[in-house]
Amino acid sequence: MTLPPTDSRPDLFDDAERWSLDELRARQLERLQATVRSTYEHVPHYRAQFEQRGIHPDDIRTLDDIRLLPFTTKADLRDNYPFDMFAVPREQVVRVHASSGTTGRATVVGYTKADITTWASIVARCIRAAGGRPGDIAHVSYGYGLFTGGLGVHYGAEHLGCTVVPASGGNTEKQIQLIHDFRPRIIFVTPSYFLAMLDEAERMGLDPRQTSLEIGVFGAEPWTEAMRAEIQERANMHATDIFGLSELMGPGVAQECVETKDGLHLWEDHFYPEVVNPLTDEPVEEGQVGELVLTSLTKEAMPILRYRTRDLTQLLPGTARPTFRRMAKITGRTDDLMIVRGVNVYPTQIEEIVLDIDGLTPHFQCVLTRPDRMDELTILVEAAPGSAESGHAALAETVRHHVKSRIGTNARVEVLGEGGIERSVGKARRIVDQRDLRG
């Protein structure tokens with residue numbers, strides 16, 4: 001496999017990407033102090049938290065003092081729904097985005113005009129780091145609307161100088177036709193939906209390796225190195241990772257650089273990262289896995305302090321952008337953890353096993369049930385097109401064996417025919433919890 005050439009000239013970096021570490025730390029402290037003062041003076045939730053802890057903005061004298069500040073959780077945002085976390089008058093908020101609210105009240109985030117400009121510039125930096133350049137045609141398959149993905153990368157691509165195709169999600173056959181006709185160089189999409197697009201292209205008789213696409217910017221859900229390898233092999237394109245979350249800004253908090261693909265560089269001039277032990281809340285040593293905690297440093301409408309992302313990762317030294325630390329690929333979420341008879345299981349572990357086995361597609365679901373008061377995991381996985389049903393039992397046994405030997409738990413495995421697993425036009429639904437947790 002020969003991937004398209006990349007262009008990673010340092011003269012394409014913006015000013016902050018050229019800062020020394022001392023310059024970065026000085027800017028971070030200055031911006032942290034301003035953010036803390038803004039939240040204290042304008043957000044009643046934070047002022048009450050500060051007073052409860054007996055702290056004042058003047059107590060933040062060094063970056064290490066960030067540990068004095070309260071954590072912020074999704075529950076805090078829901079409790080202050082819709083606009084009580086804003087630090088500016090609502091009339092100065094030019095846009096709002098929100099989560100789906102499928103597990104409760106939606107979490108709302110607001111942006112001033114300056115916030116929108118900042119966000120666009122950060123996403124433009126991400127696109128450059130991924131290998132995108134002014135003049136590229138950019139196909140956006142993230143959803144538009146209250147979800148931050150579509151509009152976030154749209155504005156960033158326009159800021160960089162790209163021609164944007166706002167395809168949004170769904171209507172997969174039409175998406176394939178647009179890619180064939182418009183010849184985009186870069187695509188923004190969730191990795192699970194892109195695999196569905198590759199399946200559809202092949203069904204239409206098109207070779208995904210022959211499209212104009214050279215770069216994919218994949219995010220909004222955890223994905224593995226095995227999935228990267230499959231995408232790059234099947235589509236002959238670079239697959240890079242982008243990270244963001246609506247509570248902090250949207251896509252653009254961190255981005256993988258195409259020349260190294262060794263983790264996502266965190267844009268620390270805008271977001272201050274910590275990694276903590278999710279059980280003790282204490283910081284872990286650099287390089288150890290824990291829960292990612294982020295503080296915004298440049299947001300006006302809705303600054304946020306020490307937000308618990310629930311994402312599990314580790315902080316590593318910078319490489320392609322040496323001043324900025326990297327975060328490793330998200331290995332899972334503290335709220336995605338399945339504990340099956342005492343064993344911790346994450347969907348990404350199942351994904352790695354499924355992708356290692358010939359005769360299976362990457363499409364799977366983990367179904368949790370509780371017969372006889374004991375949790376049981378059933379893995380539904382889809383056979384490759386054209387595979388004989390007579391071989392499904394052997395494939396299921398292979399998956400079961402690897403789950404037992406590599407993860408350490410027993411699971412039932414069912415291999416389904418083509419189309420047996422539901423497709424998503426956005427984030428894949430990896431866990432289906434059918435347990436009655438009242439007993």
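I started at Ser 168, which sits in the loop between strand 4 (163-165) and helix 6 (172-182). This is a predicted model, so I keep that in mind for everything below. Ser 168 isn't a glycine, yet its phi is positive, about 65°.

Next I looked up Ala 220, in the loop between strand 6 (215-218) and helix 8 (225-235). Here too phi is positive, about 80°, and the residue is not a glycine. Is Ala 220 buried, partly exposed or exposed? I get 31% relative accessibility, so I noted Ala 220 as partly exposed.

Then the cis peptide: the bond between Tyr 81 and Pro 82 has an omega of about -5°. Pro 82 belongs to the loop between helix 3 and strand 1 (95-98).

**Asp 65**

I found Asp 65 in the loop between helix 2 (44-53) and helix 3 (74-79). Asp 65 is buried but makes no salt bridge. Arg 61 is the nearest side chain of opposite charge, and it is 5.5 Å away. What does the Asp 65 side chain reach instead? I see the backbone nitrogen of Arg 61 at 2.8 Å and that of Thr 62 at 2.9 Å. Leaving out residues up to four places away in sequence, Asp 65 touches Asp 59 and Ile 60.

Last, I traced an open four-stranded sheet, order 10-11-12-15, paired antiparallel. Strand 10 (271-276) and strand 15 (332-333) are at the edges with a single partner strand each, so one side of each has no neighbour in the sheet. Strand 12 (residues 307-313) and strand 15 are joined by two bridges. Leu 312 is opposite Gly 332 of strand 15.

How values were computed:
Residues are numbered from 1 along each chain as its sequence is written. This is a predicted model: local features need pLDDT of at least 70, side-chain atom pairs count only at pLDDT 80 or more; totals for chains, interfaces and linings use all residues. Side-chain values use heavy atoms; hydrogens and water are left out. Two strands pair if DSSP finds at least two bridges between them. Buried means under 20% relative accessible area, exposed over 50%, partly exposed in between (1.4 Å probe, protein chains only). Lys and Arg count as positive and Asp and Glu as negative; His and the chain ends are not counted. A salt bridge is a side-chain nitrogen of Lys or Arg within 4 Å of a carboxyl oxygen of Asp or Glu. A polar contact is a pair of N or O atoms within 3.5 Å; within protein, one must be able to donate a hydrogen and the other to accept it, and residues adjacent in sequence count only if both atoms are side-chain atoms. Contact means heavy atoms within 4.5 Å.
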